[in-house]
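This report describes how two protein chains meet. The sequence and structure come first.

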Protein chains: 2
Amino acid sequence: MAEFSLIDLIRTRAATQARDDVVLGIGDDAALLQPPPGMQLAVAMDTLNAGVHFPAGTAAADIGWKALAVNLSDLAAMGAEPAWCTLSLSLPDGDPDWMIGFLDGFLALARAHRVALVGGDTTRGPLSVSVTVHGFVAPGRALRRDGARAGDTVWVSGALGGAAGALEQWRRGMAPGQGPGRETRIDPALRQRLDRPLPRVALGRALTGTATACIDISDGVLADLGHVCAASGIGARLDVDALPGREALRPHFDGDLLRTLQATGGDDYELCFHRACGPGRRRARGRGRGGRGGHPRGRDRRGAGRARFRCRRRALAAGAHRP
Amino acid sequence: MAEFSLIDLIRTRAATQARDDVVLGIGDDAALLQPPPGMQLAVAMDTLNAGVHFPAGTAAADIGWKALAVNLSDLAAMGAEPAWCTLSLSLPDGDPDWMIGFLDGFLALARAHRVALVGGDTTRGPLSVSVTVHGFVAPGRALRRDGARAGDTVWVSGALGGAAGALEQWRRGMAPGQGPGRETRIDPALRQRLDRPLPRVALGRALTGTATACIDISDGVLADLGHVCAASGIGARLDVDALPGREALRPHFDGDLLRTLQATGGDDYELCFHRACGPGRRRARGRGRGGRGGHPRGRDRRGAGRARFRCRRRALAAGAHRP
């Protein structure tokens, strides 16, 4: 299938998510967009490569979903409202069936978050998907990495380690001597975590004005919490055995491997956020899930709010860790 | 070199082009940007893959330059003022020398156009560069593909076929039986056209309010003029022997190959634009280069303004070709 036929296919399918602020969408040299007055733009760009970010046999629809999900997760971590995206696809061939499947997954998530696909390109090359997302956030309301303070409580929005567990099972199935049928060795619930991550967009928006810092967990909570600590000039103590999500992993993993998957496994795309721990907050925390005053009101409400570890002042001079 | 060291390197180098409208640049989950009040955003995204869009041995600095240039060319074709970009790099390894070279080329062009690099990512994978650019244009002033009218004159901003000539020489050098030293077989002037295209940003901005339609020549003037005609519901007659830029090609090519290179060769990144041909315009055109009234005032002035062919009404019903 030639590039222009692919682009026509994308344009036709993408028309299902219209937005009034898209002045000109797919089909010209650039998209024309009208930002809302007074708002700031949050812009993130992430790439997924075959064999690196997803197993080679992953369904096209799952690749499409995930390519957008990991980007929306970045907007969620900023507390931004998603609006527009562009897509650049490198394909070894122009298989229309693959393309239709890819768009099914990509556009299903786009519609769920009212995101318009407004441009991009298709090129020949090894399978690779780059997405740029644009969202809106009011000035001063974005959730940044550098706002955490010593004494804050640290929260995560859901189970950790599931995606890494699926990858671990996939790697074992790929080991020499293993035959076909390895796909079935991956626990479907874990595979769902790897293939169809749910970006915590509503939670992120609900956290603006409430959280002091936020990051999405793409590199593992140990690394990502470390990024927040480095940007904020603080430290944190992590109780790995208290991380949520062990139940889903226990049938397959235990001991140090289970701990490693939970602490260092990427691809969960949950949010890790800090909240100030004043006198009122302290009381609220005593109720277990953040209490009435501070509980996020997004659609991710039930998954959120597990306080598991707490910041303390770093032994090194805080100033040395300012960005 | 680990991903985070690469990102630190990029962040440090990118800091050389600061802009007041960048609230938060590289280093968080997303960049935060403040669009100017009342303006529309023009957004384009293009990917370059090794061995597809540039020869495998291309210098890192040239790849960096070109990755941004092809995107700025899209903004030029819309008449937009460039402002911000994001960069996603897939690299087989994290060679810091390659990275420094790449950034040299990329950021030299970014500085020339006051473009701030505000985010993106680096991943492991076959060499591939995706860039998203953002620019500003006043409502109703963008140069679109669908505004050309029957009777307009068609213009190109400079020489055509040079980049395709370099690629042709490169392909010959790569033929079986050819040894090392093939790089020197490529005419340096043609190679410059391939490796360091100059996006016609100033010309594009000068054309807003003057041109009726515009496109950048990335797929060859025949195909790109065809895109404008299809979007505008008109036709055009192209005199291939009158295309500018033959002189640079004549030492190496002639006959049908020369014509093919000029008409179908991509990668020149000149602008092809339409201008209305009213009574005043007709007089101006008689003076050869567009006359006083309509001559673009950008820095690309000398390269622009060669009227070579003219639109005529398509034999088919015009309405059938409306997008």
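The text below covers the interface, its strand pairing, the relation of the copies and the salt bridges.

**Extent of the interface**

The model is predicted. The contact draws 55 residues from chain A and 55 residues from chain B. About 4,200 Å² is buried between chain A and chain B, and carbon and sulfur atoms give 54% of that area. The size of an interface is often given as the accessible area lost when the parts come together.

Between chain A and chain B there are 25 residue pairs in polar contact, counting pairs with both residues at pLDDT 80 or more. On the side of chain A that touches chain B, the elements giving two or more residues include the strands β1 (22-24), β2 (31-33), β4 (81-91) and β5 (116-124) of chain A, together with α2 (60-78). Also among them are β3 (40-49), β6 (128-137) and β8 (211-216) of chain A. With 9 residues, β3(A) gives the largest share of this side. Sorted by class, the side of chain A that touches chain B holds 28 nonpolar, 17 polar and 10 charged residues.

**Strand pairing across the chains**

β3(A) also pairs with a strand of the other chain: 3 bridges join β3(A) to β2 of chain B (residues 31-33), and the two strands run antiparallel. Within this pairing, A:Leu41 has B:Leu33 in β2(B) as its bridge partner.

**Relation of the copies**

**Salt bridges**

Over all chains the count is 36 salt bridges. Across the interface of chain A and chain B there are 4 salt bridges. The table gives one pair joining the two chains and one pair inside chain A.

| Side chains | N to O distance |
|---|---|
| B:Arg145 and A:Asp28 | 3.7 Å |
| A:Asp195 and A:Arg191 | 2.7 Å |

A:Asp195 and A:Arg191 lie in helix α5 (residues 188-195) of chain A; because they are 4 residues apart there, about one helical turn separates them.

Definitions and conventions:
Residues are numbered from 1 along each chain as its sequence is written. Chains are lettered from A and ligands numbered from 1 in the order in which they are written. This is a predicted model: local features need pLDDT of at least 70, side-chain atom pairs count only at pLDDT 80 or more; totals for chains, interfaces and linings use all residues. Side-chain values use heavy atoms; hydrogens and water are left out. Contact means heavy atoms within 4.5 Å. Buried area is the accessible area (1.4 Å probe) that two parts lose on being put together, summed over both. A polar contact is a pair of N or O atoms within 3.5 Å; within protein, one must be able to donate a hydrogen and the other to accept it, and residues adjacent in sequence count only if both atoms are side-chain atoms. Ala, Val, Leu, Ile, Met, Phe, Trp, Tyr, Cys and Pro count as nonpolar, Asp, Glu, Lys and Arg as charged, and the others, Gly among them, as polar. Two strands pair if DSSP finds at least two bridges between them.
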